[in-house]
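Please look over the sequence and the model shown below before reading on. The briefing then goes through them topic by topic.

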Amino acid sequence: MGKTRREFVKLVGGAAVGAGMLLAGRGKAQAQAKPAKGVPSGPVRIGAMPGLSGVIAVPGTAAWRTTQMWAEEVNAAGGILGRKVELSMEEETTAKDCVERFRKLTLETKCDVIVGLMSTGNGLAVGPLAEELGQLWLAWDATTQKGVVETMPRTKFSFRSTDNEAEAIGGAILTAKFFPNIKTVVGINNDYSYGRDCWDAYQAVLKHFNPNVKFVDALWPKLGETDFTSHIAALKKANADLIMTSFWSGDVPILMKQATAAGLFKRSKACFTTGGGAHYTLKKEFTPEGIILGYNSFYFKWTDTWPLLTKFVNAYYAKYKEYPVYETDHAYFVLQAYKEAVEKCYSILGRWPTKEEVGKVLSGIQVPSLSGFRGYREDNLMSCNFFMGLTSHKNPYDFVTINQMEVLTPVQIMKPFAGAKLYDWIKGWKS
Amino acid sequence: METILNILFSGVFHASTLFLVAAGLQVVFGVQKVFNLACGTFYGLGAYFGITVVKCLVEHNFPKALFIVPLIAAGLALGLVVGPIIERGLMKFVYDRDETFQLLLTFGLVMMLEDVIKFIWGTSPQSMGGIDMVYGQLNVLGATVPVYNLVVILCSLIIAGLISWLLMNTRFGRIIRATADKREMGEALGINMKVVYLKVFTLGTVLGTLGGALVVPAGAAVSEMGMDLIVLAFAVVVIGGLGSMKGAFVGALIVGVLKSLAISTYPEMEMLTIYIIVIAVLVIKPQGLFGGSRV
């Protein structure tokens with residue numbers, strides 16, 4: 001019987017991990033996986049659910065690569081408390097499929113923890129299931145938000161990503177800071193909940209700092225659009241001082257390129273709140289300097305003084321000839337947080353912890369991750385810094401990076417607790 | 001005036017690539033009666049291959065200003081290679097089968113070729129950088145138009161003219177028109193249908209790959225780019241008339257300009273506007289505007 005596409009990808013992924021482990025074991029003697037006292041001898045089964053096709057393929061692939069790299073490194077160092085890590089991959093596709101695959105990873109594969117998912121639509125479906133099954137789910141990017149409202153303010157097993165609108169809030173703060181004199185803004189965002197929420201949140205925050213600003217138009221290309229020439233004609237018609245977009249994938253370079261070719265940035269400034277999601281595609285030839293560019297929660301050039309970042313970026317580039325995007329740190333953090341939570345439990349209990357016990361330790365945990373310390377708040381939402389700045393050509397690459405970098409903290413851009421009302425929270429800010 | 005020109009230029013630019021894909025769809029359906037869903041994926045393949053060829057040449061000091069030449073050659077060459085392989089390797093087995101089999105096969109091709117793209121080029125968007133900007137911009141009555149976009153429009157017009165000439169003034173064109181009307185009669189007159197089908201399918205593939213190669217310098221290639229276009233190509237063939245080249249040309253213009261106009265006036269009505277026209281055509285003139293005239 002022929003293999004399905006998913007099985008084939010899984011097979012290739014498995015082979016890649018296996019080959020990587022073999023190679024890793026060549027140069028250095030691999031630490032013997034000898035479980036600690038009171039720890040089961042079998043492998044730790046980690047389920048991973050990356051999106052490898054469609055618009056989420058860019059961040060999904062990056063996250064899956066990182067997961068494999070992390071597993072190789074941890075196994076080379078002896079595993080988690082001496083147990084080797086074994087990855088089981090199920091692709092993220094539709095909500096219905098994700099639910100079935102999550103159930104399969106839990107009940108058939110008997111995973112100790114499941115990481116992944118990027119779509120909020122899928123997160124909304126999987127979150128309640130994780131609670132029902134008592135399965136630890138550490139999301140990469142998927143939230144359990146409906147609009148800007150958190151649907152699961154209290155969870156035991158579901159650990160969600162940052163609020164969707166965080167980067168739009170950061171973008172608006174920086175717009176007010178870098179371009180205080182703008183009077184008109186036009187938005188171009190994808191026609192789905194993330195795009196709409198970002199536009200609403202951006203307007204609310206910018207209006208807070210700059211009450212006279214006018215939002216003259218909003219364009220809603222569908223997710224996956226690959227030609228923006230018609231939208232650029234509409235942006236020109238709007239004739240605004242600033243263009244705001246929350247594009248985050250393959251559409252970023254297309255919009256940037258076509259807008260530059262049509263001379264749009266001669267008149268208007270721009271804020272790409274999440275454009276760093278495909279940062280290496282923003283070539284200097286068509287990306288002007290001085291545009292606000294957000295890298296989400298991971299910037300590959302954040303600093304030279306955080307060895308974890310330097311080591312990872314070098315290893316990632318050596319392996320894939322690409323500079324990593326933000327999803328890599330979502331992937332790295334959730335795994336590292338799980339590992340440290342298990343080890344912390346063990347240091348207290350002297351045995352391998354249950355999923356519930358791991359969950360309790362994950363709440364409020366802080367671990368060193370690729371972009372500095374990152375953690376989970378008490379409401380089980382990921383808490384991390386966001387990186388934004390103005391595009392610059394002053395670097396050795398053929399793509400732009402940012403200067404005047406701002407590190408936006410969770411206190412600045414995330415609601416203080418999951419159940420808080422976003423717009424009431426913004427209204428309560430001091431100007 | 002500036003706004004009108006911007007809308008018009010962007011609409012016609014979009015129409016020009018839409019026409020190439022729709023024309024590929026039309027020519028194959030007109031003669032072979034196969035609704036080839038994979039024509040959008042040929043467009044994606046052409047885009048990726050065009051990037052690879054041009055990047056490789058530029059790295060070896062090929063003059064940037066002349067990149068359009070190898071780009072067109074890449075689109076043509078890819079179509080000429082891929083078309084016959086798919087026609088002989090897959091399509092020939094379903095000509096006499098039910099239309100459902102044909103649709104399933106071409107849909108399977110879409111899935112397979114998307115995976116081929118990911119296997120060869122990965123999932124990251126690919127672009128040629130700003131190479132198209134070597135041609136600069138043109139100011140037309142206050143509207144700034146990238147010259148490369150005008151080159152793409154011109155290329156599409158030339159291709160439309162060439163197809164028209166091919167169909168009306170060559171022996172091959174006459175054979176195509178004859179077999180599109182009555183395949184059995186063509187066979188009875190000694191026409192080798194195997195060769196005709198091979199050539200026609202290759203022509204359809206070339207139109208797709210060429211379209212992808214031409215448009216990619218103005219944007220970037222992403223693995224799902226073909227799927228995006230095929231949906232609009234459906235609208236074009238319904239409006240223009242299934243199987244009609246003239247219909248593909250006029251339908252693409254209507255869809256392209258309408259889309260651009262809707263985005264500039266009522267952006268949320270973009271698809272609604274197009275499909276109101278599609279539904280109106282289906283109700284009033286189900287065969288499409290040029291549905292009577294074959295190929």
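Predicted model: local features only at pLDDT ≥ 70, side-chain atom pairs only at ≥ 80, totals over all residues.

Residues are numbered from 1 along each chain as its sequence is written, and chains are lettered from A and ligands numbered from 1 in the order in which they are written.

**Confidence**

- Chain A has a mean pLDDT of 91, and 92% of its residues reach 70 or more, where pLDDT is the predictor's confidence in each residue, from 0 to 100.
- Over residues 1–30 of chain A the pLDDT stays under 50.

**The seven-stranded sheet**

- In chain A, seven strands make an open sheet in the order S9-S8-S10-S11-S12-S16-S17, with mixed pairing; strands (E, at least two residues) and helices (H or I, at least four residues) are DSSP runs numbered from the N terminus, and two strands pair if DSSP finds at least two bridges between them.
- Strand S9 (214–219) and strand S17 (401–408) of chain A are the edge strands, each pairing on one side only.
- On average, neighbouring strands of this sheet are turned by 20 degrees against each other, direction ignored; here axes are lines fitted to C-alpha atoms, for helices over the stretch in contact, and angles run from 0 to 180 degrees between N-to-C directions.
- Strand S16 (residues 386–392) of chain A is joined to S17(A) by six bridges, and the two run antiparallel, with Thr391(A) standing opposite Ile402(A) in S17(A).

**The three-stranded sheet**

- Three strands of chain A form an open antiparallel sheet in the order S13-S14-S15.
- Because strand S13 (366–369) and strand S15 (382–383) of chain A stand at the edges with a single partner strand each, one side of each is left without a neighbour in the sheet.
- Helix H11 (residues 327–349) of chain A packs on this sheet and touches S13 and S14 of chain A, its direction making about 130 degrees with that of S13(A).
- Four bridges pair S13(A) with strand S14 (residues 372–376) of chain A in the antiparallel sense, and Val367(A) stands opposite Arg374(A) in S14(A).

- Helix H6 (residues 193–209) of chain A has 17 residues and reaches 24 Å from its first C-alpha to its last, close to the 24 Å expected at 1.5 Å a residue; the expected span is 1.5 Å times one less than the number of residues.
- Ala201(A) is found in helix H6 of chain A and is buried, with 27 other C-beta atoms within 10 Å; a residue is buried if 20 or more other C-beta atoms, placed from the backbone, lie within 10 Å of its own, exposed if 12 or fewer, and partly exposed in between.
- Leaving aside residues up to four places away in sequence, Ala201(A) touches Val148(A), Glu165(A), Ala168(A), Ile169(A) and Leu422(A), where contact means that C-beta atoms placed from the backbone lie within 7 Å.
- Ten of the 13 residues of H5(A) are buried, so H5(A) is largely enclosed by the rest of the structure.

**Contact between the chains**

- In all, 34 residues of chain A are in contact with 33 residues of chain B.
- On the side of chain A that touches chain B, H7(A) gives the most, with eight residues.
- The residues of that side divide into 14 nonpolar, eleven polar and nine charged, counting Ala, Val, Leu, Ile, Met, Phe, Trp, Tyr, Cys and Pro as nonpolar, Asp, Glu, Lys and Arg as charged, and the others, Gly among them, as polar.

Methods
Contact = placed C-beta atoms within 7 Å.
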